[in-house]
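Student: I am new to this structure. Can we walk through it in short questions and answers?

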Amino acid sequence: MTRIQAKPQVLIVDDDAAIRAMLALTLEYHGYVVSEADNLAQAQACLAQQTFAVIVLDLGLPPDEHLATQGLAFLGWLSREGYGAKVLVLTGQDHQDNAYACVKAGAFDFLLKPISEAKLLSAVERATLFFQQTQRMKAEEGFQPLYVNAQLGEGMKAVRNQAEEKFIRQVLFDTDFNVHETARRLGLKRENVYYLIKKYHIQRVLDPAEDEGSTP
Amino acid sequence: MSLNLAIFVVPLVLGGLLLVVVAYLKYQSHQLKQHIQNLYDINQAVQQDALDFIQQAWSVLQHSGCQGLRARVNWFGEHSDMCFGQLHAQASEHQYIAQGDIAIELAFYTPSLRGEKRYMAQLVQQTFTQLLQQDIYIKLNQILLTQQRLERFQLFAQHDLKNLMQFIELLGDQVERIHSAQDYAKLIARLKVSLPNVKQRAQRTLGQLKTSLSGDTEIELIALQALVTQVAANLMLKVEMQTDDHVLCLSKPLISEVLVNVLSNFRDHGETQQPVCIKSYTQGAYVYLELYQFVSNAKRDYVVQNARRLFEPFWSSSESGMGLGLFLARSLLTKIDGEIHLINENQRLGFVLRLPLSEQTLASEVSSVSK
């Protein structure tokens, strides 16, 4: 997995080619390196190839372009797999329930279409700043922030498990699924790491190209 | 002697009496059957409209022995009284039906009938009340469905318009910022790619708003293969073309709209990994365009099970669909003597479109035949 580059990388996930084009043009003009995806599979392929600071995500993606299901599924997937990119949801679906679901799934911001260029840039800048400072905190102090949705009144075991799962996923993601390195970073034995991988059914997300290559 | 006579006569009289009673009951039951059948027929004829049904069903109730009927109606807040026949001081039976914004209080005025006549009159009245109840239920359901569809339609149109607004908003900022030839070239390059998409989305939204195109669209020469390729590319569909380059003389917006609506089905509900195979051939004055995919048994079974609903307006297999695409495609094709049918052979699933080679040719053929 490549590290973040000097110019902030932004991934635009929107099924509307025209919106993608205009967003890309705007962000490129302001110095961002932009990649585009028009569906979830393409977005996942992009994420497997490089690290993004910010993802601008439309909720309505094919095949349910008038619903939020695909966008929310993608948010859930990003959170589960441990991608650190800050997600800006940019959508025409201004239903309060969607905003709630996005916050719950770990979105960084919820923006409504049509949005002005100034507001968009301000949101992207803020998200980039948060991403960069999080990376710095990790590199300089070894801190890993975790986003945990804890259910109040359910005791501490569920919270512990969730935090443990997120933590192990995150470190595995950072080490490119290197168990030896993960064990070293966490101060655990390798057997313990294998146990946790099995316990939480963690699987490595492969780059589609890599995946094809491994097929006999 | 007289005893012997009585032995013969009494059974004969009793038998005769029994026959008369049986014949009478048979006649009454036939009458009852006829009355109930009439109620069903009337309800059918007025298309399950509750108010019309009350109006028309009175004659049947009257024939079944009812002397008067009063219906106090609250129809979405509008109150009215519907009175038929003679209304006495005291009604013999009351029924109250209330659902949603509709309430009807029925009062039946029946003379003091006895025995089977009373029983039969009650049966007719019960049938009448049940049918009325059913009509109200249907009416409220129709209203609810229409309301839901309109809300959904409004939501979808709003969503598309917001995307369009977003595009215009960002484009405006881009245009304002152009200072160099390089900026200009970049913008033009992006617009070349994105404008066909904007056009297609706007057309789709407009198509949904209009629900049908006017018949006044201009007829022009259309290269079918090029048009299909363009529409498929706009929808980002993988296609395998096996078509000759047929030239049609039809309305291009109409044919584009049909193709968008049909091909969108493959994008939204088809097998994403499979290309859409497109074949065409000519037969008489028509071009037949086959669009299909090779699909799994599960997908085929699902479509076959719902085949009769595919062209129903507002019916969709997914929450995000408007359920208008295939309905619109068929409506538009009907305007130009075209047709669309489902293809379901072996693993092939899709549609075959019958397009006239030329609308003008057909029109002139029709007029020459009529002369």
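Predicted model: local features only at pLDDT ≥ 70, side-chain atom pairs only at ≥ 80, totals over all residues.

Student: Which residues have the most contacts inside the largest nonpolar core?
Tutor: This core has 51 residues. Its largest share, 9 residues, comes from α1(A). In general, nonpolar side chains tend to be buried together in soluble globular proteins. Those with the most contacts inside the core are V10(A), V54(A), L57(A) and L88(A).

Student: How many residues are in the other core, the one that lies apart?
Tutor: Among its members are A232(B), I255(B), F266(B) and A329(B). The count for this core is 34 residues.

Student: In what order do the strands of the open sheet in chain A stand?
Tutor: The sheet has 5 strands, and the pairing is parallel. At the edges are β2 (33–37) and β5 (109–112) of chain A, each pairing on one side only. The twist averages 20° from one strand to the next. The order is β2-β1-β3-β4-β5.

Student: What angle does helix α2 of chain A make with β2(A)?
Tutor: This helix covers residues 40–49 and packs on the sheet. It touches β1 (9–13) and β2 of chain A. Its direction makes an angle with that of β2(A) of about 145°.

Student: Which residue stands opposite I55(A) in β4(A)?
Tutor: Look at strand β3 (residues 54–57) and strand β4 (residues 86–91) of chain A. They run parallel, joined by 4 bridges. Opposite I55(A) stands V87(A).

Student: How is α7(A) oriented to α8(A)?
Tutor: Helix α7 spans residues 179–186 and helix α8 residues 190–199, both of chain A. Their axes come within 9 Å and cross at roughly 105°. Angles from 65 to 115 degrees count as roughly perpendicular. So α7(A) and α8(A) are roughly perpendicular.

Student: Which residues of α8(A) meet α7(A)?
Tutor: From α7(A) come V179(A), H180(A), T182(A) and A183(A). By class, the contact divides into 4 nonpolar, 2 polar and 1 charged. The α8(A) residues are R190(A), V193(A) and Y194(A).

Student: Which helix gives the largest share of the side of chain A that touches chain B?
Tutor: In this contact, 24 residues of chain A meet 26 residues of chain B. The chain A side has 12 nonpolar, 6 polar and 6 charged residues. The largest share, 8 residues, comes from helix α1 (residues 17–29) of chain A.

Student: Now chain B. Why do α2(B) and α3(B) count as roughly antiparallel?
Tutor: Helix α2 covers residues 50–63 and helix α3 residues 115–177 of chain B. Their axes come within 10 Å. Angles over 145 degrees count as roughly antiparallel. The pair is therefore roughly antiparallel, with a crossing angle of roughly 170°.

Student: How many nonpolar residues has the contact of α2(B) with α3(B)?
Tutor: The α2(B) side includes F53(B) and I54(B), and the α3(B) side includes F128(B) and L131(B). There are 1 polar and 2 charged residues. The nonpolar residues number 11.

Student: Which strands stand at the edges of the open sheet in chain B?
Tutor: Its 5 strands have the order β6-β8-β9-β11-β10, with mixed pairing. Each edge strand has a single partner, so one side of each is left without a neighbour in the sheet. The edge strands are β6 (239–242) and β10 (339–345).

Student: Which residue is the bridge partner of K279(B) in β9(B)?
Tutor: Strands β8 (residues 276–283) and β9 (residues 286–294) of chain B run antiparallel, joined by 7 bridges. Across this pair, I278(B) stands opposite L291(B). The partner of K279(B) is E290(B).

Student: Is E271(B) buried, exposed or partly exposed?
Tutor: E271(B) lies in the loop between α6 (252–269) and β8 of chain B. A residue is buried at 20 or more C-beta neighbours and exposed at 12 or fewer. E271(B) has 14 inside 10 Å, so the class is partly exposed.

Methods: Residues numbered from 1 in each chain as written. Chains lettered and ligands numbered in written order. Pairing = 2+ DSSP bridges. Helix = DSSP H or I, 4+ residues; strand = E, 2+ residues; numbered from the N terminus. Contact = placed C-beta atoms within 7 Å. Nonpolar A, V, L, I, M, F, W, Y, C, P; charged D, E, K, R; others polar. Axes fitted to C-alpha atoms, helices over the stretch in contact; angles between N-to-C directions. Parallel < 35°, antiparallel > 145°, perpendicular 65-115°, else oblique. Core = buried A, V, L, I, M, F, W, Y, C linked by C-beta atoms within 7 Å.
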